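Hi everyone, thanks for coming. I'd like to walk you through one model today, so please have a look at it with me.

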Amino acid sequence: MDKPVRSGCPINLTLETLGDRWSLIVIRDIMFGNRRHYRDLLNNSEEGIASNILADRLKKLTEAGLLSTSPDPAHKQKTVYSLTEPAIQLVPLLAQMGAWGRRFTPATRELSIRAQLLEEGGPEMWEAFMAELRSLHLGAEPPARSVIGELTEAYRAALAG
């Protein structure tokens with residue numbers, strides 16, 4: 001049974017789906033960190049998400065149609081979490097949030113580098129990133145450009161100093 005909504009306003013409905021502290025962090029970790037298993041999400045959370053909160057958010061995000069699950073072919077007791085098309089289309093929103101955070105919060109240089117690249121790369125880079133995510137999560141043809149590779153390389157370079 002669907003829970004009642006406060007209004008039909010698209011901003012309200014988006015916040016009802018994504019507005020808690022952890023939902024976008026879980027999507028971020030799957031999207032940018034390619035963390036696809038519960039244990040990987042739990043153990044590599046920069047923010048230290050609690051196990052019960054993670055389990056709850058994964059369930060809610062799956063029920064909301066932002067994540068899908070499948071058994072891990074390498075380990076039948078593990079579940080693989082994948083982004084769905086609606087989650088992939090959050091890339092521009094996350095890019096804008098990162099750009100805002102770089103300007104108005106005390107974000108670190110190392111953790112800001114990917115946001116900086118996405119801001120500078122703009123919609124063209126976002127589309128390429130979404131195409132790559134569709135390949136990884138939805139089985140689409142792999143694109144020629146690897147935005148994930150570019151972001152990962154920049155992050156490693158920032159860590160190295």
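Let me start with a term: a crossing is left-handed if the near helix is turned anticlockwise from the far one by less than a right angle, and right-handed if clockwise. Helices (H or I, at least four residues) and strands (E, at least two) are DSSP runs, numbered from the N terminus. This is a predicted model, where local features need pLDDT of at least 70, side-chain atom pairs count only at pLDDT 80 or more, and totals for chains, interfaces and linings use all residues. Residues are numbered from 1 along each chain as its sequence is written, and side-chain values use heavy atoms, with hydrogens and water left out.

Now the helices. α7 passes α8 in a left-handed crossing. By class, their contact has 16 nonpolar, no polar and five charged residues (Ala, Val, Leu, Ile, Met, Phe, Trp, Tyr, Cys and Pro count as nonpolar, Asp, Glu, Lys and Arg as charged, and the others, Gly among them, as polar).

On to the strands. β1 (residues 67-72) and β2 (residues 75-83) pair in the antiparallel sense over six bridges; pairing takes at least two bridges found by DSSP. Leu67 has Leu83 in β2 as its bridge partner, and a hairpin of two residues joins β1 to β2.

What do the residues lining the largest pocket divide into, by class? They are 16 nonpolar, nine polar and nine charged. A pocket here is an open set of points on a 1 Å grid over the protein atoms alone, where a 1.4 Å probe fits, with protein on both sides within 12 Å along at least five of seven lines; lining residues have an atom within 4 Å of a point.
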